Amino acid sequence: MTKSRLSTRNPADGRDIRKSGRDYVVGIDTGGTYTDGVLMDYASREVLASAKTLTTYDDLTRGILDVLKKIQIDNPSRVKLVGISSTLATNFIAEGNTKPVGLILMGYDPDLIESYGLDSRFATGNYAYFQGGHNAQGEQQSPPDLEGIKTWIRDQGDKLEALAISSYFSPLNPEHEEQAMQAVQEITDIPVVLGHQLSTQLDSIKRATTASLNASLVAVMHEFIQAVKASLKDLGLKAPLMIVKGDGSLMPYTEAARKPVETILSGPAASTIGGRFLSGLDAALVVDVGGTTTDMALIENGNITVSGQGARVGDMETSVQAASIRTVCIGCDSRISIKSAKEFQVGPNRVVPLSRLAIMYPEVLQKLQSLGKGRGFSKSQDDIEYWFQSREIDPEDPLLDNPRKTAVLELLSRGPLTVHQLLKQMQLNHLVQLNVEDLLQKRIIGVSTLTPTDILHFRGELDLDSSEASWAAFRYICNLHGLDPKEFSTRVMDFIVAQMTREAFIFLARQGQESLPEELDGAWSSWLFQEGLEKNDAYLGISLTSRFPIIGIGAPAEIFVSRIAGKLNARFKLPRHPGVANAVGAVAGSVIVDKEALVFLQESDSSRSYIVQFEGEKSSYSEIEEALAFAQKTVKRAAMWAAEESGADEPQVSTARKIEGTLHRVQARAVGNPSLSEQFG
């Protein structure tokens, strides 16, 4: 990200800048728990209004519309830009909600792939191998089996909603992917995605995975964007709509609809950009404490650090350029499981805090306050774990594939029940017997129990929902295990901070030493870290010191991140508006467009030439210098044009070259602030 050319100072005369006639920008972030929105003055970059609302998983646009109404835009015509960062792509992939996609693999070696278990990385189980593909010189391995591809597509019938095509070495020669697409389009009108259009990397597995993920998300992102546009127009907002990419840059919604896979890690990237923007620091570790996870990213020289390996979601590795993020599966809404006085766990699952459930269902507070009085309690954590119906489902939905699921939903439709009550009414002994894992995964059934949010309410450090509910539940569970509530709450907080600090320690250490393992291993490393953290050894002291200041993002940042900074002897920076920094990041980023041409040697017994391959076009030169000069001129011009088309204002272009054996990568990057307009871009 480049520094904005615009001033970040407030007006010196103290005028109300909401009434000064200046331009507005609106930033929105749809997170795992909350959807945040900000209204900013573009000239001063001052946050004029901010709001939070619960993320509506069944319809993300409803939450966006709610937050837009809350920030009360007095004159919609003055809004010149709307930016959105979204967890849509990441969540759909992580939860297995992607559309059914077919993957055509041309020139791949089935035996090699299956012998190494690489087929599990394709992001779809519906794939097929066909003849075709090229070699490392861009020459055809064998003719493409277009008729075989057509036959396979016909055999699929109505099973597929989109198709991905990946041909071996297609970045060097995309002809077979393009021929296959033409053949497919003769017999079907489903969306088709080509691997070489998403990545120029030569890793064939990552390219195939990226293509299939993108294909599965096209329809989802298209529906989301259309709904967002309709919501904006309902409120009289006609400004250009931009989406945050996984590297923190902005792209027009039209590009996001075509390449939704590039929005993977959009949320954490926006938080990092927002943290840098609000803090004014060009070098820092950004720690964003959210509801589901805590995400960490590094800013150096004003830019977010980008992963050289590509974005990763679960076990799936992609070729998508995204921020280098380290995620801790602990957030304010993480489940706290207490087994005994000495054994408890925080995370990795996200649940609804009891303090919030009691606001949603007031009767829950009465039930929690009556715990331990009279009969009917299981004397376990099941007494404070509630299940509830979190969204409606069509009675004809295939998910309701047995009467037991229907019976569970019928019970929960009347109001939340504890696990103990639910099993008793279903006349079952164990949760496994309910067989509702898919309803839980799809968030049709919600779960609520003790979380760090409840601990913070108990300790008086947070006052968002029902502190009384948190008090009742926490005191009950502590009494069951003979624990002092105040002392145990401190232990839980210390545990959470230690886990977050551990991850920050590993993340920072691996920035300069990538060969270090992802986890602390061995007795020595564990002792060094633990002593640096707690300083309990009677003979030797270790001091941990971060060379980077630490920026805290998220509503509880001052509580948690300040303590992480203390453990690492780092300067702590709490920026203005830390609770909505992610929404600020949705409009504080730059428009960045990267273009790359590949230059490689192609030779035979009778000829030798250098090929320039750029976006499906091939040129041939006898000398390498001539080929490189043409490639640089081409990518520079293309990057400039594409950035302007994407809404960049006066983009600046830089070029670079990378050599991988005999392959030369000629790259251009165009960077500019998003231009403002009164109409959709």
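This is a predicted model: local features need pLDDT of at least 70, side-chain atom pairs count only at pLDDT 80 or more; totals for chains, interfaces and linings use all residues.

1. Four strands make up an open sheet of mixed pairing, in the order S19-S22-S20-S21, with strand S19 (352-353) and strand S21 (417-418) at the edges, each pairing on one side only.

2. Strand S20 (residues 386-389) and S21 run antiparallel and are joined by two bridges; Tyr386 has Thr418 in S21 as its bridge partner. Helix H11 (residues 403-412) lies across S20, S21 and strand S22 (445-449), and runs at about 95° to S20.

3. Across the whole structure, 25 salt bridges are found. One of them pairs Asp438 with Lys405, whose closest N and O atoms are 2.6 Å apart; this pair links distant parts of the chain, since Asp438 belongs to helix H13 (residues 437-441) and Lys405 to helix H11, 33 residues apart. Lys405 counts as buried because its relative accessibility is 2%, whereas Asp438, at 22%, counts as partly exposed.

4. Arg665 and Glu596 form a salt bridge with the closest N and O atoms 2.8 Å apart; Arg665 lies in strand S29 and Glu596 in strand S25, so the pair ties together parts that are 69 residues apart in sequence. Arg665 is buried, at 2% relative accessible area, and Glu596 counts as buried at 13%.

5. Arg669 and Asp594 also meet through their side chains in a salt bridge (2.8 Å, N to O), which links strand S29 (residues 663-674) to strand S25 (residues 591-603) across 75 residues. Arg669 counts as partly exposed at 29% relative accessibility, as does Asp594 at 37%.

Note on methods. Residues are numbered from 1 along each chain as its sequence is written. Side-chain values use heavy atoms; hydrogens and water are left out. Two strands pair if DSSP finds at least two bridges between them. Contact means heavy atoms within 4.5 Å. Axes are lines fitted to C-alpha atoms, for helices over the stretch in contact, and angles run from 0 to 180 degrees between N-to-C directions. A salt bridge is a side-chain nitrogen of Lys or Arg within 4 Å of a carboxyl oxygen of Asp or Glu. Buried means under 20% relative accessible area, exposed over 50%, partly exposed in between (1.4 Å probe, protein chains only).
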